Amino acid sequence: MVFVRRVPLLMTKRLSIDGAKIQEIAAEFPTPFYLYDEAGIRNTVRELLAAFSWCEGFREYFAVKATPNPHLLDILKEEGCGADCSSLNELVLSEAVGVTGDWIMFTSNNTPANDYAKAMQLGALINLDDITQIQYMLENVGLPEVLSFRYNPGPLREGNAIIGNPEEAKYGFTREQLFEGYAMLKANGVERFGLHTMVASNELNADFFVETARMLFEITVEIFQKLDINIDFVNLGGGIGIPYKPGEQAVDLKHVGQAIHQLYKEIIEPAGLHPMKVLMENGRMITGPHGFLVTKAIHHKDIYRNYIGVDACMANLMRPGMYGAYHHISVVGKEDEPADQVYDVVGSLCENNDKFAINRNLPRIDEGDILVIHDAGAHGHSMGFQYNGKLRSAELLLREDGTVQEIRRAETAEDYFSTLDYPGLVARPTLS
Ligand SMILES: Cc1ncc(COP(=O)(O)O)c(C=O)c1O
């Protein structure tokens, strides 16, 4: 007899913050705004750390680029995370919240000397993107005691639309360059070594990360055998996906942790390389599901399609326009009404890809309704821009005790014009 395992598919996504609470917040703070849920963020980090509790040196370096707000970094620091930085300003943010030294992983590319200098000053773990950077560091800032390399497996692995196929992606060392590079480091007095990769982004297949670990563990053994170099840490990168769409399943972290533990016992321990640290640098899975873009319906327009105009636009969340990414939308107070209307939900940019949803089934939307765009807590606000003179919104944090803290104010017209020195340019003209 054949048993078919039925996986229950939840075909809708419920808001994890009570709709009435969101209404209350929207009555106090002007829309659009980002809203983050402290409790959700803390729980998710704890789940990830628990999955790797078998590894003494496991560390999650939160990818600052996902949500570069020091108030959120404070929370992550309290939970035991380090910071994965990719630029000078991200390093400055980490330093401001007291995350320094080997609690910073500096994974950058096409990197200016200044950025390396700051990373060196903070004692960060530096992860080089290219073999030429060894010489570049030597000439500009010298080499630190510890260095890591980012591996690009090229045709050996498949990536996806967000990060690109490894073969076409600009990142990392080839396999041959890894061996050449570690030998160069050794010859130049570097004492400790790391190995890193970041092959996919928003990946929901748990086994993908297990295969990534296998790939890095095997190379680690080969490096030891060929170069007599003991890799101190292996960084599996970020890229754990989140269920943006109804029906998608979150990655089973427990399974990932257990399966990687098994590989560690099979590959690393017999080679005599234990203890070796396993690291990750996720952003999306930590804050993504716990951040929402809250916006108000301000217009509707019926032509060849039916449009709902909201007061946020692609400048506040560019993922749908940039990648065609799906973000679920809830209409507050109408979550249980039939989704019997079909709308494009649009912003006000002069760009036709300024759409949060296309041909989406939603309940009937009226002007003044509050719409919540889900899963915007990573690579959301941080990807914001000012095209068409648009301003970035405020960021609010719903604390565990139910209070709301404005953790970043909205940009103002004064901010927008502040880099221009032009006589007679008035940020707030009087409207007659
Ligand atoms: C080098 C590196 N590490 C980590 C991340 C975080 O990825 P995610 O937020 O998908 O986990 C990124 C994302 O762009 C990245 O480029």
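Color Leu 178, Phe 179, Tyr 182, Ala 183 and Lys 186 on α7, then Ile 219, Ile 223, Lys 226 and Leu 227 on α8, and you have the contact. Contact here is a matter of C-beta atoms, placed from the backbone, lying within 7 Å. By class, the α7 and α8 contact holds seven nonpolar residues, no polar ones and two charged. In that sorting, Ala, Val, Leu, Ile, Met, Phe, Trp, Tyr, Cys and Pro are nonpolar, Asp, Glu, Lys and Arg are charged, and the others, Gly among them, are polar.

For the geometry, α7 covers residues 175-187 and α8 covers residues 206-227; they pack at about 55 degrees with their axes 11 Å apart. That angle makes α7 oblique to α8. The cut-offs: under 35 degrees is roughly parallel, over 145 roughly antiparallel, 65 to 115 roughly perpendicular, and the rest oblique. Axes are lines fitted to C-alpha atoms, for helices over the stretch in contact, and angles run from 0 to 180 degrees between N-to-C directions.

**Before you go on**

This is a predicted model: local features need pLDDT of at least 70, side-chain atom pairs count only at pLDDT 80 or more, and totals for chains, interfaces and linings use all residues. Residues are numbered from 1 along each chain as its sequence is written.

Now zoom out. The protein chain has twelve helices and 17 strands, where helices (H or I, at least four residues) and strands (E, at least two) are DSSP runs numbered from the N terminus. Along the principal axes, its C-alpha atoms fill a box of roughly 80 × 75 × 45 Å.

Pick α2 (residues 38-51) and α9 (residues 253-268): they pack at about 25 degrees, axes 8 Å apart. The two are therefore roughly parallel, and their crossing is right-handed. Show Glu 47, Leu 48 and Ala 51 on α2, which meet Leu 253, Lys 254, Val 256 and Gly 257 on α9. That contact divides into four nonpolar, one polar and two charged residues.

Next, select α4 (residues 88-96) and α5 (residues 113-122), whose axes come within 9 Å and cross at roughly 20 degrees. That makes α4 roughly parallel to α5. Which hand does the crossing of α4 and α5 have? It is left-handed. Leu 88, Leu 91 and Glu 95 in α4 meet Asn 114, Asp 115, Lys 118, Ala 119 and Leu 122 in α5, giving four nonpolar, one polar and three charged residues.

**Around the ligand**

Select the ligand and its shell of 17 residues; Ala 63, Gly 238, Asn 282, Gly 283 and Arg 284 come nearest. A residue is near if its C-beta atom, placed from the backbone, lies within 6 Å. The shell splits into five nonpolar, eight polar and four charged residues.

- Thr 31 and Pro 32 are joined by a cis peptide bond, omega about -5 degrees; Pro 32 sits in the loop between α1 (19-28) and β1 (33-37).
- His 274 and Pro 275 also have a cis peptide bond between them, omega about 5 degrees; look for Pro 275 in the loop between α9 and β9 (277-280).
- Asn 202 isn't a glycine, yet its phi is positive, near 50 degrees; find Asn 202 in the loop between β7 (192-197) and α8.

Technical notes:
Left-handed = near helix turned anticlockwise from the far one by under 90°. Contact = placed C-beta atoms within 7 Å.
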